[in-house]
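Subject: Handing over a structure

Dear colleague,

I am passing on the structure below, and after it you will find an account of what was found in it. Please keep the structure open while you read.

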Amino acid sequence: MISTNRMILGALAATALSGCAVISQPYEQPAAPIPDALPVTDANGERVEPLYWQDVFISEELRELVRLSLAENRDLRIAAANVQLARAQYGISRAQRLPTVTANGGFSEGGTIGGNNGGGGNFDNASASIGITAYELDLFGRVASLNEAALQSYLASSEGERAAKIAIAATVGEIWMQLAADKALLALAEDTVDVQSESLDLTQELFNAGIATELDVRRASASVETARAQAAEFSAQVEQDLNALRLAVGTDLPAGTLGAAKLDPTPLAEDIPIGQSSLVLLSRPDVQSAERQLMAANANIAAARAAFFPIISLTGQVGYSSDELGDLFDGTLGWSFGPSVSLPIFDAGARQSNLDVREAQEQLAVANYEQAIQLAFRDTADALAVRRTIDQRVDALVRLVEDTEITRDLSEERFRVGVDDYLSVLDSQQLYYDARQQLIRANLVRSLNSIAVYRALGAWPRDEVEESDEIVTPES
């Protein structure tokens, strides 16, 4: 009987060696459907090194907030929990590649009373055994392919956590810069209230002297109230920025956060290193995650193909049995061994349909991967488009502020000597106020653009996501 089993297993193994080449599905990375070079004019050669948040955020106060958010942000905790879930699911799949060994033991005591002969008796029975139940010999790679698919899904979730960390770091930086800009706009509005109030007092004096008209007084008063309304609006925005920052960080903000948020000096690096090659986009976590999903889909195809071949399982058991518990291991030694083969014959096309589904899922994964690369290129191109022109915009607004300030001073002087009416003063003051607002917002755009470049090209060190990311695969 044993020789017959060996013959059966030998024949099946020979079949497997000829079938594995057909079942296997080697992974081939799709070509990136984007230009080879990024649209950047100040590139640092062919640099393809990743960009980290420490390369962009240079303010120690801002860095401390980012570190705090990495520890407390709830979105990151959700992402980390999803990684742990995927890791556990991979562990379940990996365990299927090894046999499950179980130990069984039992003891029973009984007897009979009476009977036709009026006698009775007692008896004992004890047993102990170790066995393997239905262990699948993975000759055609079905279990290995399913294990590979689970591994790639786990690694994709790890990339999702890295993407979440990049997004949180960028979000904290963006809210910080928005807070700094709103603080500057609030200070500008409050300064305008003071200046306009002085103009109102002067206009009232001129009206009392018969030089100005009541219309001039009303216009001056209206400009004061307009500035006060805007100051109240910006004050509310500052409070909202603090609330948003508190949510992004995930806990109470450190003391002095409000005072530390400033546009000048900038808390961001002014020269962010960028390379010419678009290959850097392939290291983005979202692109990596899409590729991992593609590799999982590729492995699922191999598993679906293996389902067309026989499934061979082994069941074995060895143990002792005895009439006395104390003499158990001096009792009878018994063993059993039995291979089983499940050969698919007819399933109304279910296995073929499952293979078709897996192949369609792979095509979907390919499209998702290519789209992720294209979206990454667009994000980068958009950020670099602003980067190329923002300095010119800021420089022009600096000159505009200088011109409107001189115009305002001249208009006020001409009004004092009675050459112009107060309408000219109001126009010049409004132009100066608008120019300063535009300059603040342009500086905000420049800061946000630096963070947008980090969003587009940023990466996260793998060893900072999870210390236990080094997992042992079956191949290793």
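The contact of α4 with α7 is made up, by class, of 13 nonpolar, 7 polar and 5 charged residues; here Ala, Val, Leu, Ile, Met, Phe, Trp, Tyr, Cys and Pro count as nonpolar, Asp, Glu, Lys and Arg as charged, and the others, Gly among them, as polar.

Before going further, please note that this is a predicted model, in which local features need pLDDT of at least 70 and side-chain atom pairs count only at pLDDT 80 or more, while totals for chains, interfaces and linings use all residues. Residues are numbered from 1 along each chain as its sequence is written, and side-chain values use heavy atoms, with hydrogens and water left out.

To return to the pair, α4 covers residues 142-208 and α7 covers residues 285-306, and their axes come within 8 Å and cross at roughly 170°. Axes are lines fitted to C-alpha atoms, for helices over the stretch in contact, and angles run from 0 to 180 degrees between N-to-C directions. The helices α4 and α7 are therefore roughly antiparallel to each other, since angles over 145 degrees count as roughly antiparallel, under 35 as roughly parallel, 65 to 115 as roughly perpendicular and the rest as oblique.

Helix α7 also packs with helix α8 (residues 350-416), at an angle of about 165° and with the axes 8 Å apart. That makes α7 roughly antiparallel to α8, and the crossing of α7 and α8 is left-handed. By class, 13 nonpolar, 6 polar and 6 charged residues take part in the contact of α7 with α8.

Helix α4 has a contact with helix α5 (residues 214-249) as well, and the axes of α4 and α5 come within 8 Å and cross at roughly 160°. The helices α4 and α5 are therefore roughly antiparallel to each other, and α4 passes α5 in a left-handed crossing. The contact of α4 with α5 has 22 nonpolar, 12 polar and 7 charged residues.

**The protein as a whole**

The protein has 9 helices and 4 strands, which are DSSP runs numbered from the N terminus, with helices being H or I of at least four residues and strands E of at least two. From the N terminus on, the elements run α-α-α-β-β-α-α-α-α-β-β-α-α. Of the 476 residues of the protein, 39% count as buried, a word that stands for under 20% relative accessible area, with exposed over 50% and partly exposed in between (1.4 Å probe, protein chains only).

**Aromatic rings and their surroundings**

A pair of aromatic rings is described by the distance of the centres and the angle of the planes. Rings of Phe, Tyr and Trp (its six-membered ring) pair if their centres lie within 6.5 Å, and planes under 30 degrees apart count as stacked, over 60 as edge-to-face and the rest as tilted. By this rule the count comes to 2 aromatic pairs. In the pair formed by W53 and F57, which is tilted, the distance is 6.3 Å centre to centre and the planes are 50° apart. Ring pairs link W53, F57 and Y454 into a cluster.

W53 counts as buried because its relative accessibility is 5%, and F57 counts as buried because its value is 0%. F57 has its place in the loop between α1 (2-23) and α2 (60-72), yet the C-alpha atoms of F57 and Y454, 397 residues apart along the chain, are separated by 9.9 Å. I451, in helix α9 (residues 422-457), counts as buried at 0% relative accessibility.

A cis peptide bond, with omega about 0°, joins D264 and P265, and P265 is found in the loop between α6 (257-260) and α7. A79, found in helix α3 (residues 74-95), counts as buried at 14% relative accessibility.

Key:
Left-handed = near helix turned anticlockwise from the far one by under 90°.
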